[in-house]
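Welcome! Here is a short briefing on charged side chains and how they pair up.

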Amino acid sequence: MKKSVIAIGVIAVLGCAWIGASWYTGNMIEEKIDRKLNQFETVVNSQQNYFDLQLSYTDYEKGVFSTSFHLKAEIIKPRTEAEIYEGFFEPSSIPINKVIFDDTVTIYHGPFPLNRLKSFSLMPKLAGAEYTIKQDETVSNLEPQLIAGLVVDYSENMELNVNSQPLVYNKEKDGGTEHDVDHVDISATNLYFFTDKQFTQSTLNYQMDKLIMQKDDLGFDVRNFTLNVIPQKDQQGVDGKVTVDSLTISDNRGYRAYDTELKGITYTMGFSIADGINAIGFTNNNLINIEQLNVLSEDNETTLNSIQLTSNNYSNDNVNIYGDLSFNLDQWKQDMQLLGRGEMKFSYVNLPLKTFSNSLMNQLTGYYDETFDASKFEHVTFNLENVSWTNTQGTMDFSLFMNLSDVDVSDGFSLSSVEEENVDDFKFNLSVPFDVLAYSIAQIENSNAPEVSSNDIQEAHQTLQYLTMFLARSPVFNVVDFSNDEYKAGVYSQLEYSRNNPKAEINGEPVTAQRFFKVIGNF
């Protein structure tokens, strides 16, 4: 009997403690809700220049175990044109006074929020909340579409989980309009967000196993999509990664149907702005890997294996940008023929960022200089270091280096806007052996054959003879009809100019600068 009384007493004490702790938690929420909403507003508005977010609440009611209030989130206005920059986002495209959330929110008090107890979670938490968004009535699955769960621990770290139920929609079955897609099939998804109380350390993860959409003769199929975003701790920046197991596009809209499939897609990025007193500059690095790209039509099949595209950019002054772009393809298979592999690398130095996009520089760096003259390149270097294609017969390649100054780009940049007085240095190299090019032509012309014959290659050589007749007329090209100790039979070119040396050569022959630019201009 005494044990029963003691047990009842313990339960009563624990119950009173829970009620007291819950009431205390309710007081903490009431004291801090204004500061937390203002803090979230500040974080969102300071990280972008497109709009201002405003959060407000009414009908605040505090109970013993929960607190409820009506929350409204609104985009109240676009930023000024000077901040947005016309051309990146038109001001008219940004919503004005757009309400993005307007509903009642219930927060359950700790240490054991009621919404957590329903899922048998007994870890003490400061508070928890749950919000459910119903699906539209036109979809066939009428279970709740989105269930958002929020948990705050006693260090005020916040975890948000948003889970969606699978969604299946068929226009014919569910009575859609003529403008609707024909079919949608989306798997369950999960979005997870964590942040500390100062919003300085956070992470965002998203996962979706399946997305299938069909509209008339165009269809998309995405499998195993994941997104990870982590802000950098030591700088004002973010690292991100996207992976997709497969993306399939079926296009039957034209006279020829195509199925395009990409497998093993990975995209990683890192962006940061220099942090510190009077610090300026940014870095932006990107890497795309695709294990396989396959394009299938009724007559042909193209397969590209192991594609890699990288881009690295940085600036020390938010005005000029330095960077490089590279592309690598491990294998190209056209029908039954393995055509070979290719690569390219391009770099640039002192490239005025504002020349190409006034808005982009502001969006990336928050920097705006009304006095900066974007109508000219003061000094810029382009270096197409290597463009090459290799097959079983050898390699074709070319490279181009240009050092330019004072180029008028008020109407945009193109080679036609470059004058002789703008060129400080110029180098061009081209090497195309006939055996390599003829073999590639024979492969493409006979891609459905298991192998190319000597007759196929001979026909390709005859085709090249007509082409070289025209190229041989230009002093830019050195056409070698027969292999020798220095060159294989093919088309070659070596152009070099330097204003400061001074030096000007066309295929090893010294010429005047006037002759050099006249030959290039005529070509």
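Arg 223 is partly exposed, at 32% relative accessibility (partly exposed lies between buried, under 20% relative accessible area, and exposed, over 50%, with a 1.4 Å probe and protein chains only). Its side chain meets that of Asp 221 in a salt bridge, at 2.6 Å from N to O. This is a predicted model, where local features need pLDDT of at least 70, side-chain atom pairs count only at pLDDT 80 or more, and totals for chains, interfaces and linings use all residues. Residues are numbered from 1 along each chain as its sequence is written, and side-chain values use heavy atoms, leaving out hydrogens and water.

**Salt bridges overall**
- The structure holds four salt bridges, each being a side-chain nitrogen of Lys or Arg within 4 Å of a carboxyl oxygen of Asp or Glu.
- Side chains of opposite charge can pair when their charged atoms come close.

**Lys 210 and Asp 185**
- A salt bridge joins the side chains of Lys 210 and Asp 185, with 3.1 Å from N to O.
- This pair links distant parts of the chain, 25 residues apart: Lys 210 lies in strand β10 (residues 202-215) and Asp 185 in strand β8 (residues 183-186).
- Strands here are DSSP runs (E, at least two residues), numbered from the N terminus.
- Lys 210 is partly exposed at 24% relative accessible area, whereas Asp 185 counts as buried at 15%.

**Lys 503 and Glu 496**
- Lys 503 and Glu 496 also meet through their side chains in a salt bridge, at 3.5 Å from N to O.
- Lys 503 is partly exposed, with a relative accessible area of 31%, and Glu 496 is partly exposed at 25%.

Note on methods: Helices (H or I, at least four residues) and strands (E, at least two) are DSSP runs, numbered from the N terminus.
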